[in-house]
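Me: I would like to go through this complex with you. Could we begin with the fold and then move to the interfaces?

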Amino acid sequence: MNARVIALAAAAVVLVTLPFWISGVYYLNVASQILFYAVFAIGLNILAGYGGLVSLGHAALFGIAAYATGYLLQAGFGHPAAILVALVVAMASTALYAVLSLRASGIGYIMITLALGEIVWGLAYRWISVTNGDNGISVHSRPQPFGISLTSADAFYYTTLIVFVLSLAVVAVFVNSPLGAALKGVRDQPRRMNALGYHVWAIRFWASMLSGLLTAVSGILFVYYNQFISPQTLSLTASAEVLLMVISGGASTLLGPVVGATLVIIVKNVVSAYLTRWNFLLGAIFVAIVILMPEGLVPGSARLWRLAWRRTRGWRATKAAETKQ
Amino acid sequence: MSFYLVLTVNSITFGGLLFLLSSGFSLIFGLMRIPNLTHGSLFMLGAYFGATLVGGLLGMVFNFWIAALLAAILVAASGAVLERLLLRQLPGQPSAQVLVTLGVSFMVADFCLMVWGGDPLSVPTPELLAGFVRFGPLVFPLYRLAIIVIAAVVAIGLWLLLDRTRIGAMIRAGVDDPDMARVIGIRVSQLFTTVFALGSGLAAFAGIIGAPILSVYPGLDQDMLPLALVVVILGGSGSLLGSFFGSIIIGFIYNFGQALLPELAYFVLFLPMLLVLLFKPQGLFGRFSS
Amino acid sequence: MSRKVTRRRFMAATAAGAALATFKFPSPAIAQAAPFKLGLLTVKTGPLAQGGIQMEQGIVTYLKEKNYTFAGRKVEFISADTGGNPAGAKTKAQELIERSNVDTIVGPLAAFELLAITDYVRQHETPLLSLAAAEDVTQRHVNPFIVRPSATSAQCMHPLGDYAAKELKYKTAITISEDFAFGYEQMAGFQRVFQDEGGTVKKKLWPPLVTPDYTPYIAQIDGVDCCVNGFAGSNPVKFMKSYQAMGMKSKIPLLAGWTAMDDALLHSLGDEAVGVKSAHWYSADFDSESNKRFVADMQKNYNVLPGGYSAGMYIAGMCINAALEKSGGKAASKKAFAEELHKVSIKDSPRGPFHFDEYGNVVGTVFIRNCERKNGKLVNTVIKTYPDVSQFWTYDEKKFLSQPVYSRDYPPLKS
């Protein structure tokens, strides 16, 4: 427990002081990307991990929030109004998404969400009057909360960091709440939970809403970061990518999605500068993860660490016993 | 009138190609409950192997059908290895299965790009089937009509295999109830490898058969995988008949939808898929369920 | 300042090729002028890699020809793979500008990639020579840092419309292209000129970007003098094969935009391409000294016939070299260098003589070619050249710009 507190404190110090010792704006921007993709992955993890509902259409919700923000800003809304309305639009869309997808579970759920994702992606292409087709929507400025302009990489990083920490806290509280416990129960024993009087559908619905909220928040960060949104952001590939972040890091763990997002973003953006075949590498890393720690990087490393710890301790104990004799 | 006739015939030929594509996916999913997301990659790999053999390798130019067979065997072997080394370790872990199959598909896509480059490869139609068939003013490419025959032959072959052979009986038992199958002494482990290899080979075979129409290019995998999913969802998995009818129905929906409702071109496949999932989650013909 | 130095060191220590060379010999590099840093934004992985790989081949061929030296300055070349999506293009532009401190960028490939970074390169005042065609970047939303030595989407389609109406005497046409901006802009350009010369576009078909089988669309092509296709990537191969397989080629002749009949695509095509007439701002067949050298070098380096993607980047390299020679090797003021790039005018290039208009878009030759089989190989033979074609064709600039940008519904079909 103590080691854990120390590790968390160290991580917090590193994250807060990052702009001071990282050299160059570029890497700080990569860090911001890791953080908002981590929020996305944390959001999906609520469903894919704790809920056992593997959504393959989450990029649609991400994209709806981003598009709504871009569209409203283009229509002349101020930043606070645009963000607020975008969140409302995204939550309404999430509700519909949940109502449709929760008619099934397991593979059926995956397929419904995949179809929904593809349909929203098609809308982004074809509803040109709103989305401007594949030319996309440009966002020309970033907001200025309390007079602090988020135009600089530092300011944007800290904003993203705050949102990231809040998201992590919300999910940590949620998982340990009765609703979170019920969600895990429904994942593992849906029939029994139903028999016990739990409203399985309602539990899954509210989990979807929370997942949608975090997804929408990260979508808004995305559109402000890139200052551009176009249909590629909503593609099946994008949905698969965030799912891979969750699974590779470790589904239904708090920090797994964060580690997964870090891995994917670094390979995509940093390693790709040195290695042409970075896609192959990413694929190989996923395969290696499955072979070495099929439960994901975070729980897998923890398991190996405990194993190693026990071995050395066991070895010390035997040695101590030997010397005694 | 002739417009509708052209669309009708093409719906069936396209359905034939879809059947070749999706039957393997359906078989694997039905028996092993693995959402094999490498299926598009295996299709593409088959197409690339076939194109290379037809185009000439080490000074040898292969006949189209021999190339198709060799490509299918090669990919079937790779499928068997994939099953033995990776998927075997992950029974009942859908998340890990998704991760590993997507990981492998990333690797295959990048491997193809590395070996064959970015330019599309064109595979010539086999000479015997290069001509046209004329019905009055209408012209149909012979090769497309031949695809119907090929699909029918494969369908009958698969049906005979599943219905008339010992291994077929074992597969059917496995699909119905894997635990029971194990109890009565079926070696489910070997069966899984066999079926995975068969499904992979079918995907590769579909890839090379489709190549004269689709050509072979990076991204072919991503274009084909959703089609296989749509068919299997509509037809239900693990059911040969379901795949067959699912393919033909999608062929019709696709052709008539694109031609008559161009505004809905993007939704023409996924909207019906969504509706089926919402109102008949087990699929139209099979036992598609979680 | 110290921050900058560490960043450069890091670059030199890690990046391959030219960067490594400068690290090995630090003293002469500092004694002479610092190397000119050239960044390439392209797509080397994923479905769009086809054009992206050719882009890199084009610029590298030019750099090799110049022995990696422009106007006496060593050129340090940094290639970045966007993966073919806007977010990737943004991140890679950041990598080139913020991490590698490039002086100039060439690329990107796709319109949506260019649109995702136009604001960004303007903010960071980095000159960019684009291959991507998005019309408005050199029309209604001019960016002083962007020049386009390739062409706008419609730039070749205007002459094609003219040629179809005047020389081929076609009266009616159906257009077919992917359902995205590059397709809309191409087909609108054809339609406008074709109709102004008395022709009529009867129907415009828009299959989605991913269309496994074009037959349902081809079945709708009937009762016109010609069919114009504007496909790109691997789609033209698929489309033209089906078009021929359905017996359409002998019935309704095919015309094509530059991406559909690019010379680099010819080795992927067969008999279905013979007789297709296309409009392109580059032709491997073009007889000029620099083009012969370019084609020979591409053969030697990569054993390929070059097309627009590689030619576009080769020519972008020529522009940078010309601007640097004019400025005496100085590019420190990026604003001044961008202005210098606008003033470039080259007489002998692989695409013939060209210069830029005040919006930063190229004014140059457009070739009408007919695809033939010569000695068993497909060749696009030039049958007519339109010299000095601007993005506005023969229309009045101001009037052109006061109208909406070309789109799916503009200009509307005549009813």
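Me: What share of the contacts in chain A with a separation of 6 or more comes from residues 24 or more positions apart?
Reply: Such residues account for 75% of those contacts in chain A, a contact being two residues whose C-beta atoms, placed from the backbone, lie within 7 Å. Please note that this is a predicted model, in which local features need pLDDT of at least 70, side-chain atom pairs count only at pLDDT 80 or more, and totals for chains, interfaces and linings use all residues. Residues are numbered from 1 along each chain as its sequence is written, while chains are lettered from A and ligands numbered from 1 in the order in which they are written.

Me: How many helices and strands are in chain A?
Reply: Chain A has 14 helices and two strands, taken as DSSP runs numbered from the N terminus (helices: H or I, at least four residues; strands: E, at least two).

Me: Why is chain A described as being as compact as a globular protein of its length?
Reply: Its radius of gyration is 21 Å, close to the 20 Å that the globule rule gives for 325 residues, so chain A is as compact as a globular protein of that length. The radius is taken over C-alpha atoms, and the rule is 2.2 Å times the number of residues to the power 0.38.

Me: Turning to the interfaces, how many residues of chain A are in contact with chain B?
Reply: 33 residues of chain A meet 32 residues of chain B. On the side of chain A, α5 (106-126), α11 (236-249) and α13 (278-292) each supply at least two residues; α5(A) gives the most, with 12 residues.

Me: And which classes do the residues on that side of chain A fall into?
Reply: The side of chain A that touches chain B has 22 nonpolar, seven polar and four charged residues. Ala, Val, Leu, Ile, Met, Phe, Trp, Tyr, Cys and Pro count as nonpolar, Asp, Glu, Lys and Arg as charged, and the others, Gly among them, as polar.

Me: What about the contact of chain C with chain A?
Reply: That contact takes 27 residues from chain C and 25 residues from chain A. The largest share of the side of chain C, eight residues, comes from α5(C). By class, this side has 10 nonpolar, six polar and 11 charged residues.

Me: Where in chain C does pLDDT stay under 50?
Reply: It does so over residues 1-31, pLDDT being the predictor's confidence in each residue, from 0 to 100. Where pLDDT is low, the predicted coordinates should not be read in detail. Chain C averages a pLDDT of 91.
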